[in-house]
Amino acid sequence: SRLIKEKVEELFKNYYDYLTLKTDGSRIKTVLRKKDTFSIIAASIFIICKNESIPRSFREISDLTRVKKKDIGQRVRVMEKALEGINISKKRESDDYISRYCNKLGLSNTSSKIAEQIANFIKDKEGIYGRNYISVAAASIYVVCQIPNLSNNCSIKKIIEITGVSEMTLRAAYKAMYPYRKEIVLKIKNQENFICNNIFSNLMITNS
(Lines give C-alpha, C1' and ligand atoms only; values in the text may rest on other atoms or scores of the structure.)
Protein backbone atom coordinates (compact mmCIF):
# COMPACT_ATOMS: atom_id res chain seq x y z
CA SER A 1 0.00 0.00 0.00
CA ARG A 2 0.97 3.63 -0.30
CA LEU A 3 1.27 3.97 3.49
CA ILE A 4 3.67 1.02 3.74
CA LYS A 5 5.72 2.36 0.84
CA GLU A 6 6.01 5.78 2.47
CA LYS A 7 7.05 4.31 5.82
CA VAL A 8 9.63 2.05 4.18
CA GLU A 9 11.08 5.09 2.39
CA GLU A 10 11.15 7.04 5.65
CA LEU A 11 12.90 4.22 7.51
CA PHE A 12 15.42 3.84 4.68
CA LYS A 13 16.15 7.58 4.83
CA ASN A 14 16.56 7.51 8.62
CA TYR A 15 19.05 4.67 8.40
CA TYR A 16 20.89 6.31 5.50
CA ASP A 17 21.15 9.49 7.59
CA TYR A 18 22.55 7.41 10.45
CA LEU A 19 25.21 6.01 8.13
CA THR A 20 26.20 9.25 6.43
CA LEU A 21 25.38 12.31 8.56
CA LYS A 22 28.11 13.84 10.71
CA THR A 23 27.45 15.53 14.05
CA ASP A 24 27.94 18.94 12.41
CA GLY A 25 25.17 18.24 9.91
CA SER A 26 27.42 17.63 6.93
CA ARG A 27 27.24 14.33 5.08
CA ILE A 28 29.97 11.79 4.51
CA LYS A 29 30.68 11.39 0.82
CA THR A 30 29.88 7.76 0.31
CA VAL A 31 27.91 5.64 -2.11
CA LEU A 32 26.07 2.57 -0.89
CA ARG A 33 26.87 -0.60 -2.76
CA LYS A 34 23.97 -2.09 -4.71
CA LYS A 35 23.93 -5.12 -2.41
CA ASP A 36 23.78 -2.93 0.71
CA THR A 37 21.01 -0.78 -0.76
CA PHE A 38 18.85 -3.80 -1.54
CA SER A 39 19.42 -5.35 1.88
CA ILE A 40 18.43 -2.08 3.61
CA ILE A 41 15.26 -1.88 1.51
CA ALA A 42 14.42 -5.52 2.30
CA ALA A 43 15.05 -5.05 6.02
CA SER A 44 12.97 -1.86 6.01
CA ILE A 45 10.05 -3.71 4.41
CA PHE A 46 10.34 -6.46 7.01
CA ILE A 47 10.38 -3.99 9.91
CA ILE A 48 7.53 -1.83 8.65
CA CYS A 49 5.30 -4.81 7.86
CA LYS A 50 5.85 -6.09 11.39
CA ASN A 51 5.18 -2.73 12.98
CA GLU A 52 1.99 -2.31 10.93
CA SER A 53 0.68 -5.71 12.10
CA ILE A 54 1.01 -7.33 8.68
CA PRO A 55 4.17 -9.35 9.38
CA ARG A 56 6.01 -11.12 6.61
CA SER A 57 8.66 -13.80 7.03
CA PHE A 58 12.25 -13.48 5.85
CA ARG A 59 11.41 -15.97 3.11
CA GLU A 60 8.54 -13.84 1.83
CA ILE A 61 10.65 -10.68 1.84
CA SER A 62 13.44 -12.60 0.12
CA ASP A 63 11.07 -13.83 -2.60
CA LEU A 64 9.90 -10.26 -3.13
CA THR A 65 13.28 -8.51 -3.14
CA ARG A 66 15.66 -11.31 -4.22
CA VAL A 67 17.81 -10.55 -1.19
CA LYS A 68 19.05 -13.62 0.71
CA LYS A 69 17.23 -14.41 3.96
CA LYS A 70 20.55 -14.38 5.82
CA ASP A 71 21.36 -10.89 4.53
CA ILE A 72 17.91 -9.59 5.52
CA GLY A 73 18.24 -10.99 9.03
CA GLN A 74 21.70 -9.53 9.49
CA ARG A 75 20.59 -6.13 8.24
CA VAL A 76 17.52 -6.09 10.50
CA ARG A 77 19.71 -6.76 13.53
CA VAL A 78 22.15 -4.01 12.54
CA MET A 79 19.32 -1.53 12.01
CA GLU A 80 17.75 -2.47 15.34
CA LYS A 81 20.97 -1.57 17.11
CA ALA A 82 21.48 1.60 15.10
CA LEU A 83 18.05 3.22 15.26
CA GLU A 84 16.08 3.83 18.41
CA GLY A 85 12.46 2.73 18.44
CA ILE A 86 12.53 -0.08 15.85
CA ASN A 87 13.82 -2.95 17.99
CA ILE A 88 11.26 -5.54 16.94
CA SER A 89 13.09 -8.86 17.08
CA LYS A 90 11.77 -9.72 20.55
CA LYS A 91 8.19 -8.93 19.48
CA ARG A 92 7.99 -11.49 16.72
CA GLU A 93 5.67 -14.32 17.68
CA SER A 94 4.49 -17.50 15.98
CA ASP A 95 0.85 -16.45 16.10
CA ASP A 96 1.68 -13.36 13.99
CA TYR A 97 1.92 -15.76 11.04
CA ILE A 98 -0.48 -18.58 11.86
CA SER A 99 -3.67 -16.87 10.68
CA ARG A 100 -2.19 -16.08 7.28
CA TYR A 101 -0.66 -19.52 6.87
CA CYS A 102 -3.93 -21.23 7.83
CA ASN A 103 -5.77 -19.07 5.32
CA LYS A 104 -3.35 -20.07 2.57
CA LEU A 105 -3.78 -23.73 3.60
CA GLY A 106 -7.55 -23.42 3.41
CA LEU A 107 -8.03 -24.15 7.13
CA SER A 108 -10.98 -22.85 9.12
CA ASN A 109 -10.96 -19.92 11.54
CA THR A 110 -11.43 -22.43 14.35
CA SER A 111 -8.32 -24.32 13.25
CA SER A 112 -6.36 -21.07 13.08
CA LYS A 113 -7.52 -20.03 16.54
CA ILE A 114 -6.54 -23.38 18.06
CA ALA A 115 -3.12 -23.30 16.37
CA GLU A 116 -2.52 -19.81 17.78
CA GLN A 117 -3.47 -21.00 21.27
CA ILE A 118 -1.11 -23.96 20.99
CA ALA A 119 1.76 -21.71 19.85
CA ASN A 120 1.15 -19.20 22.65
CA PHE A 121 0.95 -21.94 25.24
CA ILE A 122 4.04 -23.82 24.12
CA LYS A 123 6.43 -21.01 23.10
CA ASP A 124 8.15 -20.61 26.49
CA LYS A 125 8.35 -24.32 27.33
CA GLU A 126 11.67 -26.11 27.64
CA GLY A 127 12.73 -27.44 24.26
CA ILE A 128 10.59 -24.88 22.44
CA TYR A 129 11.84 -21.57 23.84
CA GLY A 130 14.34 -20.00 21.47
CA ARG A 131 13.22 -21.94 18.41
CA ASN A 132 12.45 -20.11 15.21
CA TYR A 133 8.95 -18.66 15.58
CA ILE A 134 7.89 -19.85 12.13
CA SER A 135 8.90 -23.44 12.90
CA VAL A 136 6.72 -23.29 16.04
CA ALA A 137 3.87 -21.89 13.93
CA ALA A 138 4.27 -24.71 11.41
CA ALA A 139 4.37 -27.38 14.12
CA SER A 140 1.28 -25.91 15.82
CA ILE A 141 -0.60 -26.04 12.53
CA TYR A 142 0.60 -29.61 12.02
CA VAL A 143 -0.85 -30.58 15.41
CA VAL A 144 -4.20 -28.98 14.52
CA CYS A 145 -4.28 -30.87 11.24
CA GLN A 146 -4.31 -34.12 13.23
CA ILE A 147 -7.57 -33.29 15.03
CA PRO A 148 -10.03 -35.62 13.24
CA ASN A 149 -13.24 -33.68 13.84
CA LEU A 150 -11.90 -30.52 12.23
CA SER A 151 -11.55 -32.38 8.92
CA ASN A 152 -8.33 -30.61 7.98
CA ASN A 153 -7.09 -32.45 4.93
CA CYS A 154 -3.68 -30.84 4.97
CA SER A 155 -0.44 -32.75 4.48
CA ILE A 156 2.90 -32.00 6.07
CA LYS A 157 4.20 -31.37 2.54
CA LYS A 158 1.67 -28.58 2.05
CA ILE A 159 2.50 -27.01 5.42
CA ILE A 160 6.20 -27.02 4.50
CA GLU A 161 5.44 -25.43 1.13
CA ILE A 162 3.38 -22.61 2.64
CA THR A 163 5.51 -21.84 5.70
CA GLY A 164 8.91 -22.28 4.07
CA VAL A 165 10.41 -24.43 6.85
CA SER A 166 12.12 -27.70 6.09
CA GLU A 167 10.50 -31.00 7.03
CA MET A 168 13.37 -31.70 9.43
CA THR A 169 12.85 -28.35 11.18
CA LEU A 170 9.09 -28.84 11.44
CA ARG A 171 9.43 -32.36 12.82
CA ALA A 172 12.05 -31.23 15.33
CA ALA A 173 9.71 -28.54 16.69
CA TYR A 174 6.83 -30.99 16.63
CA LYS A 175 8.83 -33.60 18.53
CA ALA A 176 9.78 -30.95 21.12
CA MET A 177 6.04 -30.40 21.71
CA TYR A 178 5.38 -34.08 22.34
CA PRO A 179 6.19 -34.10 26.09
CA TYR A 180 3.48 -31.45 26.56
CA ARG A 181 0.78 -33.25 24.55
CA LYS A 182 -1.53 -33.77 27.53
CA GLU A 183 -1.20 -30.13 28.59
CA ILE A 184 -1.90 -29.00 25.03
CA VAL A 185 -5.06 -31.10 24.86
CA LEU A 186 -6.30 -29.89 28.25
CA LYS A 187 -5.41 -26.27 27.52
CA ILE A 188 -7.34 -26.17 24.28
CA LYS A 189 -10.17 -28.30 25.63
CA ASN A 190 -10.77 -25.83 28.43
CA GLN A 191 -10.96 -22.94 25.99
CA GLU A 192 -12.93 -24.57 23.17
CA ASN A 193 -15.79 -26.29 24.95
CA PHE A 194 -18.06 -26.02 21.93
CA ILE A 195 -15.96 -28.56 19.98
CA CYS A 196 -14.47 -30.66 22.73
CA ASN A 197 -16.73 -33.64 23.31
CA ASN A 198 -14.67 -36.18 21.40
CA ILE A 199 -12.11 -34.21 19.43
CA PHE A 200 -9.32 -33.89 21.93
CA SER A 201 -9.87 -37.31 23.48
CA ASN A 202 -9.12 -38.68 20.00
CA LEU A 203 -6.15 -36.42 19.34
CA MET A 204 -3.05 -38.47 18.66
CA ILE A 205 0.38 -36.87 18.62
CA THR A 206 2.91 -39.33 17.28
CA ASN A 207 6.68 -39.36 17.13
CA SER A 208 6.74 -40.02 13.41
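Ala, Val, Leu, Ile, Met, Phe, Trp, Tyr, Cys and Pro count here as nonpolar, Asp, Glu, Lys and Arg as charged, and the others, Gly among them, as polar. The model is predicted, so local features need pLDDT of at least 70 and side-chain atom pairs count only at pLDDT 80 or more, while totals for chains, interfaces and linings use all residues. Residues are numbered from 1 along each chain as its sequence is written, and side-chain values use heavy atoms, with hydrogens and water left out.

**Stop 1: helices 1 and 2**

Select residues 2-20, helix 1, and residues 34-51, helix 2. Helices are DSSP runs (H or I, at least four residues), numbered from the N terminus. The two axes come within 9 Å and cross at roughly 125°. An axis is a line fitted to C-alpha atoms over the stretch in contact, and angles run from 0 to 180 degrees between N-to-C directions. Helix 1 and helix 2 are therefore oblique to each other; angles under 35 degrees count as roughly parallel, over 145 as roughly antiparallel, 65 to 115 as roughly perpendicular and the rest as oblique.

Now show the side chains in contact (heavy atoms within 4.5 Å). Helix 1 brings Ile4, Lys7, Val8, Leu11, Phe12, Tyr15 and Leu19, and helix 2 brings Thr37, Ile40, Ile41, Ser44, Ile45, Ile47 and Ile48. Of these contact residues, 11 are nonpolar, 2 polar and 1 charged.

**Stop 2: helices 3 and 4**

Move to helix 3 and to helix 4, residues 69-82, whose axes lie 9 Å apart at an angle of about 110°. Helix 3 and helix 4 are therefore roughly perpendicular to each other. Phe58, Arg59, Ile61, Ser62 and Thr65 of helix 3 touch Lys69, Ile72, Gly73 and Val76 of helix 4. This contact divides into 4 nonpolar, 3 polar and 2 charged residues.

**Stop 3: the second largest pocket**

Select Phe58, Arg59, Lys69, Asn132 and Ile134, which lie nearest the centre of the second largest pocket among its 13 lining residues. On a 1 Å grid over the protein atoms alone, a pocket is an open set of points where a 1.4 Å probe fits, with protein on both sides within 12 Å along at least five of seven lines; lining residues have an atom within 4 Å of a point. Helix 3 (58-65) and helix 7 (133-144) each supply at least two lining residues. The lining holds 4 nonpolar, 6 polar and 3 charged residues.

**Stop 4: helices 7 and 8**

Finally, select helix 7 and helix 8, residues 156-163, packed at about 150° with axes 10 Å apart. Helix 7 and helix 8 are therefore roughly antiparallel to each other. Ile134, Ala138, Ile141 and Tyr142 in helix 7 meet Ile156, Ile159 and Thr163 in helix 8.
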